[in-house]
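Open the structure in your viewer and keep the selection tool at hand. The tour below goes stop by stop.

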Amino acid sequence: MARVVSLFLPTWPTDRVRRKAGDATPPADAPLVLIGRDKNRRVVLAADAAAFAAGLRPGMPVTKAQVLVPGLAIQDADPQADAEGLERLAVWMLRFAPIVAPDRPDGIIIDTTGADHLHGGEIAMLEGMVGRLAMSGIVARAAIADSWGAAHALARYGAQSILIAPAGHGQSILEPLALEALRVGPSTATELRRLGFQWIGDLLKQPRAPLALRFGPEIGRRTDQALGNVAEPIDQVRPPDIVEVRRAFAEPIGSAETIARYIGKLVIQLCDLMERRGVGARRLDLICQRVDSQAQAIRVGMAKPVRDAKRLTRLLCDRIETIAPGFGIEMMILAATSAEPLERSQVVSTLVEESVPDVSDLIDTLMNRVGERAVYRLAPVASDVPERSVGKIPAMAADTGASWPGHWPRPSRLLAQPDPVETVALLPDHPPVSFTWRGVRRRVKRADGPERIFGEWWKRDAELAAVRDYFRVEDDAGERYWLYRAGDGEDATTGSHRWFLHGVFG
């Protein structure tokens, strides 16, 4: 089942203008509109969020807009620059999936079939897309569905800014949407409303023949595209400097063995090309063009640049089962959509030198099976608060040389969140003589502490006076735990004085 993402950029042209450098860029807080000519009139062609909130709309005369919003920032529209910027943005979105194309004039379409698991699932992938664009000053709405038409409709007319239609959703997901969601012309939508049609569901209940007789084939074609009954190929963007090879077939291929054989041949060609350029692949995309104009794609990622043909072939062949060849594949394209410099390195050749085991092959295999985010290693973070002193970094990230402080022992297992425990203590500022954790009462035989940790006052005011007193305790069975009291045992402003278990020693 294909899965397609539609990104809708409601204020795209103005977002592009906001991101331009130079003295001509309008102030960030000023409403902005882009203007052009409609015959002899100057009209608003695009407006940013602030201008929309002030009541300005595309098609409005510029003079009226200036009267409604004093201090309005006005710039001439540049459709060619908008289209070029949208295409550059589509190329940047290739980091999420192999098949991406501009959905002009204000959107991007992405075929994410088989790629969402690399980003932690569909919801995490969509949130990542929208969040990364927001950090660049671009407002976006996103939807994922089984077809281009359905995703396009939900992104623009759905109730939520991020919407995921269930796989195999059918027509029910489209029925409550406005007629314009079908991508019919404004005049067609207006005429349909005069006839009493308000929603897409109203059209779906009617026979098509009378509608086709009056409006032509457009309504039926758009409906079939939205329902996935008619293929809608995506004309994918390709970066100008991409490293890729391709193979066309005189007769379409379809068996897994044949696909695997030609993958091996393409990988060898690609590795030769990368060697001449002095780069290695961090991400490979295999795109299979079928005879029905549909594309099937698989993506594999690597933790570090790789130019080993055997490894790359194995990673790609592990994903062959996700390819649906249909009536046959007529072309295969293999591209290194992310490549980095890779130099030859000298291997250990003497008995004196120590060899460092290379686990990158194992990490690559795990990453492509469970997702890149699921494979990581822990690294020190500069913080005295234990749960904040550990961070996740890529498994093959370079060692920064940082280490955890060694003057106080730390448990081998640190709980993600401290567990509350019930304790009995002789004095409020003394270690407990017994504690109950997860329904089991444990008597404390030995205790060492306290180690006092203060709150990070520069992060929030509530931590200005907060302290924790940590104790290492050992019970009758010889098991050792890391407990702390929230507060100094005397002043109520320093904490609740409740006890928590934060770790277990080996």
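**Stop 1: helix H6**

Select H6 and look at Trp148, Gly149, Ala150, Ala151, His152, Ala153, Leu154, Ala155 and Arg156, which are buried. This is a predicted model. H6 is mostly covered, with 9 of its 10 residues buried. What do the buried residues of H6 pack against? Show strand S1 (4-8), strand S5 (99-103), strand S6 (107-111), strand S7 (141-145) and strand S8 (162-164).

**Stop 2: helix H10**

Move on to H10, residues 218-227. Its buried residues are Ile219, Arg222, Thr223, Asp224, Gln225 and Ala226. Now step past the end of the helix. Gly228 follows H10, and its phi is positive, near 80°.

**Stop 3: helices H7 and H9**

Select residues 186-194 for H7 and residues 208-215 for H9. The two helices pack with their axes 12 Å apart, at an angle of about 125°. That angle makes H7 oblique to H9. The crossing of H7 past H9 is right-handed. Which residues meet here? From H7, show Thr188, Glu191 and Leu192. From H9, show Leu211, Arg214 and Phe215. The residues of this contact between H7 and H9 divide into 3 nonpolar, 1 polar and 2 charged.

**Stop 4: helices H12 and H13**

Next, select helix H12, residues 309-317, together with H13. H13 covers residues 360-370. The axes of H12 and H13 are 10 Å apart, and the packing angle is about 20°. H12 is therefore roughly parallel to H13, as the angle is under 35 degrees. H12 passes H13 in a right-handed crossing. On the H12 side, display Arg311, Arg314 and Leu315. They meet Ser360, Asp361, Asp364, Thr365 and Asn368 in H13. By type, the residues of the contact of H12 with H13 are 1 nonpolar, 3 polar and 4 charged.

**Stop 5: Thr365**

Stay in helix H13 and center on Thr365. Is Thr365 buried or exposed? Its relative accessible area is 13%, so Thr365 is buried, the cut-off being under 20%. Leaving out residues up to four places away in sequence, Thr365 touches Arg314 and Leu315. Both of these belong to H12. Now find the backbone oxygen of Asp361. That oxygen lies 3.1 Å from a polar atom of the Thr365 side chain. Finally, draw a C-alpha to C-alpha distance from Thr365 to Val300. Expect 9.1 Å in space, for two residues that are 65 apart in sequence.

**Stop 6: Glu456**

For the last stop, go to the loop between strand S17 (440-454) and strand S18 (467-475), where Glu456 lies. How accessible is Glu456? Its relative accessibility is 3%, so Glu456 counts as buried. Show side chains for Glu456 and Lys459: they make a polar contact at 3.0 Å. Then set aside the neighbours within four places in sequence and see what else is in contact with Glu456. You will find Ser383, Asp384, Val385, Arg388 and Glu463.

Terms used: Residues are numbered from 1 along each chain as its sequence is written. This is a predicted model: local features need pLDDT of at least 70, side-chain atom pairs count only at pLDDT 80 or more; totals for chains, interfaces and linings use all residues. Side-chain values use heavy atoms; hydrogens and water are left out. Helices (H or I, at least four residues) and strands (E, at least two) are DSSP runs, numbered from the N terminus. Buried means under 20% relative accessible area, exposed over 50%, partly exposed in between (1.4 Å probe, protein chains only). A polar contact is a pair of N or O atoms within 3.5 Å; within protein, one must be able to donate a hydrogen and the other to accept it, and residues adjacent in sequence count only if both atoms are side-chain atoms. Contact means heavy atoms within 4.5 Å. Axes are lines fitted to C-alpha atoms, for helices over the stretch in contact, and angles run from 0 to 180 degrees between N-to-C directions. Angles under 35 degrees count as roughly parallel, over 145 as roughly antiparallel, 65 to 115 as roughly perpendicular and the rest as oblique. A crossing is left-handed if the near helix is turned anticlockwise from the far one by less than a right angle, and right-handed if clockwise. Ala, Val, Leu, Ile, Met, Phe, Trp, Tyr, Cys and Pro count as nonpolar, Asp, Glu, Lys and Arg as charged, and the others, Gly among them, as polar.
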